[in-house]
Amino acid sequence: MDFSAKLEQLQAKANETVAASRAAAAENREQLKQRIDKAQDDANQAMQDAKQQVDETADRAESKWAQMKADAAARREDFKAKIEKRAEQRDAKAAANEADWAELDASDAIDYAVYAVDGAQLAVLNALDARVYADEQAKIAGT
């Protein structure tokens with residue numbers, strides 16, 4: 001299996017995220033809300049696509065990665081609820097505390113994404129090694 005296309009997709013998504021984050025840093029709340037709504041829609045679509053892929057391969061044992069995708073969906077729903085709740089806050093100190101927690105959440109999410117990319121790299125290398133080994137064994141068995 002050639003993983004190049006998937007890795008290029010990952011790189012493009014990371015580049016898109018960096019550009020969107022830089023642009024969003026200069027936006028007002030209404031612009032941010034629109035960006036958040038679009039990101040939520042995109043994330044929901046990605047989760048639907050992932051769920052469909054998992055459903056299509058239901059004959060395989062569910063992987064840890066599938067569970068991690070489900071966990072990520074739950075976290076996104078939690079973020080959405082926090083954003084909606086924030087609109088109702090009137091206390092400046094509570095809003096500042098919420099902003100601090102949101103920044104820590106974002107930092108942790110980025111750290112987790114880096115960890116996930118490292119895990120993906122290891123998974124790709126493992127898959128490539130397994131294929132090479134299987135091909136070698138097939139040659140031995142055929143001779």
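Helices (H or I, at least four residues) and strands (E, at least two) are taken here as DSSP runs, numbered from the N terminus. The model on display is predicted: local features need pLDDT of at least 70, side-chain atom pairs count only at pLDDT 80 or more, and totals for chains, interfaces and linings use all residues. Residues are numbered from 1 along each chain as its sequence is written, and side-chain values use heavy atoms, with hydrogens and water left out.

**Whole chain**

Begin with the protein chain coloured by secondary structure. Its elements run α-α-α-α from the N terminus on, giving 4 helices and 0 strands. Next, colour by relative accessible area, where buried means under 20%, exposed over 50%, and partly exposed in between (1.4 Å probe, protein chains only). Of the 143 residues in the protein chain, 8% are buried.

**Salt bridges**

Side chains of opposite charge can pair when their charged atoms come close. The criterion for a salt bridge is a side-chain nitrogen of Lys or Arg within 4 Å of a carboxyl oxygen of Asp or Glu.

Lys13 is partly exposed at 41% relative accessibility, and Glu16 is partly exposed at 45%.

Move to Arg35 and Glu27. A salt bridge joins these side chains at 2.5 Å, N to O. Arg35 has a relative accessibility of 30% and counts as partly exposed; Glu27, with 21%, is partly exposed.

Then select Lys38 and Asp42, whose side chains meet in a salt bridge at 2.9 Å, N to O. Lys38 and Asp42 lie 4 residues apart in helix α2 (residues 29-56), a separation of about one helical turn. Asp42 is partly exposed, its relative accessible area being 33%.

**Helices α3 and α4**

Display helix α3 (residues 64-86) together with α4; their axes come within 13 Å and cross at roughly 160°. Because of this angle, α3 is roughly antiparallel to α4. Angles under 35 degrees count as roughly parallel, over 145 as roughly antiparallel, 65 to 115 as roughly perpendicular and the rest as oblique. The axes are lines fitted to C-alpha atoms, for helices over the stretch in contact, and angles run from 0 to 180 degrees between N-to-C directions.

Select Asp105, which lies in helix α4. Asp105 is partly exposed, at 27% relative accessibility.

**A nonpolar surface patch**

For the last stop, select Leu7, Leu10 and Val117. Together these residues make a nonpolar surface patch of about 220 Å². Patch members have over 30% relative accessible area and no salt bridge; like charges are joined within 9 Å, and nonpolar side chains (Val, Leu, Ile, Met, Phe, Trp, Tyr) within 5 Å. Val117 is found in helix α4 (residues 92-142) and is partly exposed, with a relative accessible area of 37%.

How values were computed: Accessible areas come from the Shrake-Rupley method with a 1.4 Å probe; for residues, only the protein chains shown count as cover.
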